[in-house]
Amino acid sequence: MTGELILDAPDGVLEGVGLYWRYEKWLRRNEGRLHSTVGVSGAISAVRRELFRPIPQGVLLDDLYWPLQVVMQGRRVVYDEGAIAYDRLPERARDEFLRKVRTLSGNFQLAAVLPQALLPWRNPIWAQFVSHKLLRLAVPWVLLAVLLASASLEGPLYHIAFAVQVLFYGLALLVLGGVRRPRWRVATAAAGFVVLNAAAWLAFWIWICGRTDGAWRKVAYDLSLPPD
């Protein structure tokens, strides 16, 4: 079982990451309605003792490893919107970027540690797992291919597509460059999109080089209360 994790996101880039988290929760909610959610929030989750399987040392995504083990035993992992936890994103976009690099490299690692999850006859939520956790890892490469293709091909359609992409990435760079409260929400969404996909691109190289353990360090939060 997993619950509703509500994230407090600062303005700017991390506001866009917060928008992505709302989409992620929408996916999990509907996966649970269809059959079983893919992964859980580590901050709010529970499992029956008899269904739990030991987590191998070094596994980064324990909150994905054991839910898949539960599902492959013929049980469900449900999403309970009535169970609520609160957390906040770090103040600096760099800290969130490095955290995403670590978790996304964990997706690559999981495919090697739990290969039976890649088999549709072993994994009842194979389609959800592949589309939700694995295909997202290919998105940065697809985006790069689309950008290069639209820049090099002739024709009005390709020119328009290239201009739209330049505008989109330009808005993202504007926010990443330090604009605290951009006028358009699409700008923060673009910045969050770029951060997440840049992390997915870097995660591949971190994983392939065997450096996942050093990809991220714990973030020290300022826990002091604001003055009255």
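Predicted model: local features only at pLDDT ≥ 70, side-chain atom pairs only at ≥ 80, totals over all residues.

1. The first point concerns helix α4. Five residues of α4 are named here as buried: Q128, F129, V130, H132 and K133. These buried residues pack against α1, α2 and α3.

2. The overall make-up of the protein chain may be considered next. The chain contains 7 helices and 2 strands, and their order along the sequence is β-α-α-β-α-α-α-α-α. Of its 228 residues, 39% are buried. The chain exposes about 13,300 Å², and carbon and sulfur atoms supply 62% of that area. Among contacts between residues at least 6 apart in sequence, 73% join residues at least 24 apart.

3. In soluble globular proteins, nonpolar side chains tend to be buried together. The largest nonpolar core of this model has 19 residues, and the members that touch the most others are L64, L68, L110, L114 and F129. Helices α2 (62-71) and α4 (126-134) each supply at least two residues of this core. The largest share, 6 residues, comes from α2.

4. Which residues does L68 contact, leaving aside its neighbours within four places in sequence? They are L110, L114, A117, N123, I125 and F129. Besides the core already described, there is a second, separate core of 8 residues, which includes V101, F108, L137 and A203.

5. Is Q109 buried or exposed? Q109 counts as buried because its relative accessibility is 13%, and the cut-off for buried is under 20%. N107 is likewise buried, with a relative accessible area of 5%.

6. Q109 is in contact with G58, V59, L60, W207 and T212. N107 is in contact with L61, L64, K133, L134, R136 and L137.

7. The axes of helix α1 (residues 13-34) and α7 come within 7 Å and cross at roughly 80 degrees. Therefore α1 is roughly perpendicular to α7, as angles of 65 to 115 degrees are counted in that class. On the α1 side, the contact involves V13, E15, G16, V17, L19, Y20 and R22; on the α7 side, it involves R185, T188, A189, A191, G192, V195 and L196. These residues divide into 8 nonpolar, 3 polar and 3 charged.

8. How do helix α5 (residues 139-152) and helix α7 (residues 185-208) cross? Their axes come within 8 Å, at an angle of roughly 110 degrees, which means that α5 is roughly perpendicular to α7. V139, P140, W141 and L143 of α5 meet F193, N197, A200, W201, F204 and W205 of α7. The residues of this contact comprise 9 nonpolar, 1 polar and no charged.

9. The two contacts of α7 may be read side by side. The contact with α1 includes 3 charged residues, whereas the contact with α5 has none.

Key. Residues numbered from 1 in each chain as written. Heavy atoms only, no water. Axes fitted to C-alpha atoms, helices over the stretch in contact; angles between N-to-C directions. Helix = DSSP H or I, 4+ residues; strand = E, 2+ residues; numbered from the N terminus. Parallel < 35°, antiparallel > 145°, perpendicular 65-115°, else oblique. Contact = heavy atoms within 4.5 Å. Nonpolar A, V, L, I, M, F, W, Y, C, P; charged D, E, K, R; others polar. Buried < 20%, exposed > 50% of the residue type's maximum accessible area, 1.4 Å probe, protein only. Areas by Shrake-Rupley, 256 points an atom, 1.4 Å probe, with all protein chains shown as cover. Core = buried A, V, L, I, M, F, W, Y, C linked by side-chain atoms within 4.5 Å.
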